[in-house]
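Dear colleague,

Please find below the structure that I am handing over to you. My notes on it follow directly after.

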Amino acid sequence: MNRNLQRAAKSVAILAIVALGATACGNDTTVDDGDAGDPTEQTQQTVSLTSNAISGGKNAAEADWIETWVIPEFTAAQEAEGVDVTVEFEPQGVDDEDYKTKVALDLSSGEGADVISLDGIWIGEFAQADYIEPLDQVTDNADDWEGWEQITDAVQGSASFEDERYGVPQGTDGRVIYYNKSLFEQAGLPSEWQPTSWDEILEAGRALKELDGVIPIQLNAGTAMGEATTMQGLLPMLMGTGQRLWEDGKWAGATEGLREVLDLYRTIYVDEELGDPILQQEAAGRDTSFQEFAAGNIAILVEGDYFWRSVINPAEGVGTAPMPDRDEVVGYVKIPAMEPGAGIEGQDFVSMSGGAARVLNPNSENPDLAWELLKFMNSPEAFEARAAGTLSISPRDDVNAKLLSSDPMLTFVSEEVLPITAYRPGLAEYPEISNSLQQATLDVVSGTPVEEASSGYADALTGIVGADAVMSN
């Protein structure tokens, strides 16, 4: 199926799922602000925004920030410039797929809010369907924003498609290797560790295997862990072979890079028994891996900064598997490429990130004002207000330098990991392809030969996208 037919089919499918109402874009209203004999006209401008957030419900902090800080502060800032603005917030609090469908319906019918929040993984799909356009095609002022200098090219990639900016990133994260320093010392390994190749990870795993009751390496695998297998397991390693999952309009099939990654899984879980293959097949396997790491039973684990902030965080009421000695015992390092220089872009180290973005509605009747609102929501002051009471990585380097200074781990991700990170292809086919990749890892950790597992994935991929959209070697 060619791209135009795919686009048409996707549009019809999305429109057929639900029939939801749409809200018109912002506009200008001229009012008479003077006496009847000497009228003075003043322009009342309206701009709208929407997000899958609602006070008292889903993503409540986001909604509260918009309602109590963004709207009054932006209105006041515009008033100081002599502009009378009304900001209309259209909160949502629904399942992500329902929100996605509603936004797609709005955009396809020429309606919707002026500023729209999207998951970064949807950017490519919406761009291919012509629901959104590059920022510089919606407003002439997009490229002049000072904020771009504070957002690395890699982070801008979360809101870009085919090298064009479609939105502004709202936040991001990064994947790293966590390790238990105490277990390393018991195994005769250095407590300050930074592997530079897969071989060095395996060497550490072999030493750790000598410790009773310790699982040396946890690299997420299998279908039970879902997207965590793809994002924390397979994709970072694939980037480490120099192979992207989607490039030049094609998806990676049974490539050499994929076979190298599956061979790594086989080495860890089958050939050398450095990981627990049963854990990868349990329904709650990922949560179990968190608990086992926190208990000192897993030595090396690949995860995102979420693990540090929300799982092993010792702060009362925060971590789901708190480690009181986290800051002393847990080390974190960059994920190495298969060997130095073998990663994408010739990198020595790699990572994967996710994140949300905000885009401009190409149907907006007032795109320049919508851009002013979007810039305002991504100003240092806005991010600082949004971070009150929480600590997470913003897309802006200047904000991170100020807010993350108290947390060396998040600073490490911001300064060392984000500049080398990569993102999932934001295309409609990705979720199904991700499931097929998870199945390939499950096959391998269950004992299936690498060639058979990679071939099975390639067949499934061809069924999803067609042979012409598959690259292999």
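Does Trp-145 count as buried or exposed? The model is a predicted one, and in it Trp-145 counts as buried, because its relative accessibility is 8% and the cut-off for buried is under 20%.

**Aromatic pairs**

The structure holds 18 aromatic pairs. In one of them, Tyr-99 and Trp-122 are 6.3 Å apart centre to centre, with 35° between the planes, and the pair is tilted. Tyr-99 belongs to helix H3 (residues 96-108), whereas Trp-122 is in the loop between strand E4 (115-119) and H4, so this pair ties together parts that are 23 residues apart in sequence. Both Tyr-99 and Trp-122 are buried.

Trp-145 has a ring partner as well: with Trp-371 it forms an edge-to-face pair, at 6.0 Å centre to centre and 80° between the planes. Trp-145 is in the loop between H5 and H6 and Trp-371 is in helix H14 (residues 367-377), so the pair ties together parts that are 226 residues apart in sequence. Trp-371 is buried, because its relative accessible area is 0%.

There is also a cluster, in which ring pairs link Tyr-99, Trp-122, Phe-126 and Tyr-131.

**Charges over rings**

Two residues with a charge over a ring may be of interest to you. Arg-165 lies over the face of Trp-148, 4.0 Å from the ring centre. At Phe-349, the charged end of Lys-334 sits over the ring, at 4.4 Å from its centre.

**The second largest pocket**

The second largest pocket contains about 1000 Å³ of space. Its lining is made up of 39 residues, and those nearest the centre of the pocket are Gly-157, Ser-160, Asp-163, Arg-244 and Tyr-423. By class, the lining has 15 nonpolar, 13 polar and 11 charged residues. Several elements each supply at least two lining residues, among them helix H6 (153-156), helix H9 (227-239), strand E15 (349-353) and strand E17 (421-423). H4, E5, E6 and strand E10 (246-247) likewise each supply at least two.

**Backbone at two loop residues**

Most residues other than glycine have a negative phi. Asp-130 is not a glycine, yet its phi is positive, at about 65°. Asp-130 is found in the loop between helix H4 (123-128) and helix H5 (135-138). With a relative accessible area of 51%, Asp-130 is exposed, because the cut-off for exposed is over 50%.

Glu-162, also not a glycine, has a positive phi of about 50°. Its place is in the loop between strand E5 (160-161) and strand E6 (164-165). Glu-162 is partly exposed, with a relative accessible area of 45%.

**Surroundings of Gly-171**

Which residues is Gly-171 in contact with, leaving aside its neighbours within four places in sequence? They are Gly-354, Gly-355, Ala-356, Ile-393 and Pro-395. Gly-171 itself lies in the loop between strand E7 (167-169) and strand E8 (175-180). The C-alpha atoms of Gly-171 and Ala-357 are separated by 7.6 Å, although these two residues are 186 residues apart along the chain. Gly-171 is buried, because its relative accessible area is 14% and the cut-off is under 20%.

Yours sincerely

Terms used:
Residues are numbered from 1 along each chain as its sequence is written. This is a predicted model: local features need pLDDT of at least 70, side-chain atom pairs count only at pLDDT 80 or more; totals for chains, interfaces and linings use all residues. Side-chain values use heavy atoms; hydrogens and water are left out. Helices (H or I, at least four residues) and strands (E, at least two) are DSSP runs, numbered from the N terminus. Buried means under 20% relative accessible area, exposed over 50%, partly exposed in between (1.4 Å probe, protein chains only). Contact means heavy atoms within 4.5 Å. On a 1 Å grid over the protein atoms alone, a cavity is a set of points where a 1.4 Å probe fits but cannot get out, and a pocket is an open set with protein on both sides within 12 Å along at least five of seven lines; lining residues have an atom within 4 Å of a point. Grid points are joined across faces, edges and corners, and a volume is the space filled by probe spheres set on the points. Ala, Val, Leu, Ile, Met, Phe, Trp, Tyr, Cys and Pro count as nonpolar, Asp, Glu, Lys and Arg as charged, and the others, Gly among them, as polar. Rings of Phe, Tyr and Trp (its six-membered ring) pair if their centres lie within 6.5 Å; planes under 30 degrees apart count as stacked, over 60 as edge-to-face and the rest as tilted. A charge sits over a ring if NZ of Lys or CZ of Arg is within 6 Å of the ring centre and within 35 degrees of the ring normal.
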